[in-house]
Amino acid sequence: SVNERTYIMIKPDGVQRGLVGNIIARFEQRLVQATEAHLENHYSDLKGKPFFPGLIKYMASGPVVAMVWQGLDAVKTGRAMLGTTNPLQSPPGSIRGDFALAVGRNICHGSDSVESAEKEIKLQGVVQYTTSLETWIFE
Ligand code: DAT
Ligand code: MG
């Protein structure tokens with residue numbers, strides 16, 4: 001049927017060899033859809049903002065791709081790569097600056113602090129692993 005599902009797993013050699021992005025690009029159906037309860041917890045710091053109900057509704061409206069990246073200053077580096085919340089203020093070369101126009105459709109979420117990241121990762125439920133490339137990347 002059109003709703004048939006399969007389980008595709010990138011194995012340790014695929015992860016260590018940096019093939020994750022390449023493989024995900026081929027399998028963009030490998031997605032998760034967050035529940036409203038999950039999103040209300042994820043965005044709990046914004047409860048009370050006028051855009052909060054619209055944000056939850058939009059975020060639950062379709063599948064998302066959840067990722068955890070680890071490395072030196074991963075939180076700040078991730079935010080720098082995303083750009084600012086409003087794409088209009090995001091520099092060219094940033095993900096939001098290059099691909100987004102509206103603040104409520106800014107393509108990607110990125111944790112704003114180490115504490116938020118811990119909370120968000122725990123909420124999503126993700127395991128941790130060590131890459132053998134570490135000594136080549138970090139001083
Ligand atoms: P960020 O995603 O850059 O951390 P945020 O945590 O302040 O920004 O807000 C979460 C999301 O809520 C943001 O990515 C888009 C939406 N949002 C923020 N401010 C908004 C606004 N003024 N109007 C509409 N949506 C907004
Ligand atoms: Mg935020």
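Helices (H or I, at least four residues) and strands (E, at least two) are DSSP runs, numbered from the N terminus. The structure is a predicted model, in which local features need pLDDT of at least 70 and side-chain atom pairs count only at pLDDT 80 or more, while totals for chains, interfaces and linings use all residues. Residues are numbered from 1 along each chain as its sequence is written, and side-chain values use heavy atoms, with hydrogens and water left out.

We turn to the loop between H6 and H7, where Ile 107 is placed. Ile 107 is not a glycine, yet its phi is positive, near 75°. The loop between helix H6 (95–99) and helix H7 (114–124) also holds His 109, which the UniProt annotation "active site" (unreviewed entry) covers; such annotations may be inferred rather than shown by experiment, and UniProt positions are given in the numbering used here, with feature names shortened. His 109 counts as partly exposed because its relative accessibility is 38%, where buried means under 20% relative accessible area, exposed over 50% and partly exposed in between (1.4 Å probe, protein chains only). Leaving aside residues up to four places away in sequence, His 109 touches His 42, Tyr 43, Leu 82, Arg 96 and Glu 120, a contact being heavy atoms within 4.5 Å.

Another loop, between helix H4 (52–59) and helix H5 (74–82), contains Leu 72. Leu 72 is exposed, as its relative accessible area is 65%. Asp 73 lies in the loop between H4 and H5 as well and is exposed at 53% relative accessible area. Although Asp 73 is not a glycine, it has a positive phi of about 50°.

Notes:
Chains lettered and ligands numbered in written order.
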